[in-house]
Amino acid sequence: MKEITYTITDPQGIHARPAGVLTKKAKEFACSVTMKKDDKTADAKKMFAVMGLAVKNGETVTFTLEGEDEEQAAVALEQMLKENL
């Protein structure tokens with residue numbers, strides 16, 4: 001199991017475009033990718049679930065990755081977060 005904690009820097013937070021980018025990246029891997037904000041969790045491979053967390057600029061989210069390719073997924077996801085969110 002790998003965990004990534006990231007603070008959102010996008011001025012609009014996670015709205016439709018970045019949620020789509022995040023979901024697309026998460027779907028590239030076989031491992032499960034769960035996103036958590038406060039006490040709410042979402043499957044990061046489902047765009048509406050990600051948007052449902054209503055993550056705003058400055059809020060911190062935690063991603064939990066579990067499965068066969070979690071190492072590669074963690075590296076790729078962290079890079080995508082830094083570039084897009």
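1. Basis of the note. The structure is a predicted model, in which local features need pLDDT of at least 70 and side-chain atom pairs count only at pLDDT 80 or more, while totals for chains, interfaces and linings use all residues. Residues are numbered from 1 along each chain as its sequence is written, and side-chain values use heavy atoms, with hydrogens and water left out.

2. Overall fold. The protein chain has three helices and four strands, where helices (H or I, at least four residues) and strands (E, at least two) are DSSP runs numbered from the N terminus. Along the sequence these elements follow the pattern β-α-β-β-α-β-α. The radius of gyration, taken over C-alpha atoms, is 11 Å, close to the 12 Å that the globule rule gives for 85 residues, so the chain is as compact as a globular protein of that length; the rule is 2.2 Å times the number of residues to the power 0.38. The C-alpha trace spans about 35 × 25 × 20 Å along its principal axes.

3. Of the 85 residues in the protein chain, 40% are buried, which here denotes under 20% relative accessible area, with exposed being over 50% and partly exposed in between (1.4 Å probe, protein chains only). Taking contact as heavy atoms within 4.5 Å, residues 24 or more positions apart account for 68% of the contacts with a separation of 6 or more.

4. The sheet. Four strands form an open sheet in the order S1-S4-S2-S3 with antiparallel pairing, two strands being counted as paired if DSSP finds at least two bridges between them. S1 and strand S3 (40-43) stand at the edges with a single partner strand each, so one side of each is left without a neighbour in the sheet. Neighbouring strands are turned by 25 degrees against each other on average, direction ignored; axes here are lines fitted to C-alpha atoms, for helices over the stretch in contact, and angles run from 0 to 180 degrees between N-to-C directions.

5. Strand S4 and its partners. Six bridges join S1 to strand S4 (residues 60-66), and five bridges link S4 with strand S2 (residues 32-37). Phe63 in S4 is the bridge partner of Ile4 and also of Met35, whereas Thr64 in S4 stands opposite Thr34.

6. Helix H3. This helix (residues 70-84) has 15 residues and reaches 20 Å from its first C-alpha to its last, close to the 21 Å expected at 1.5 Å a residue, the expected span being 1.5 Å times one less than the number of residues. Its buried residues, including Ala73, Leu77 and Leu81, pack against S1, H1, S2 and S4.

7. The nonpolar core. A nonpolar core is a set of buried Ala, Val, Leu, Ile, Met, Phe, Trp, Tyr and Cys residues joined through side-chain atoms within 4.5 Å. The largest one has 26 residues, and those with the most contacts inside it are Ile14, Val33, Met35, Phe63, Leu65, Leu77 and Leu81. S1, H1, S2, S4 and H3 each supply at least two residues of this core, and H3 gives the largest share, six residues. Phe63 touches, among others, Leu22, Val33, Leu77 and Leu81.

8. Asp10. This residue lies in the loop between strand S1 (2-7) and helix H1 (16-27), and it counts as buried because its relative accessibility is 9%. Not counting residues up to four places away in sequence, Asp10 touches His15, Arg17, Pro18, Asn57, Asn84 and Leu85.
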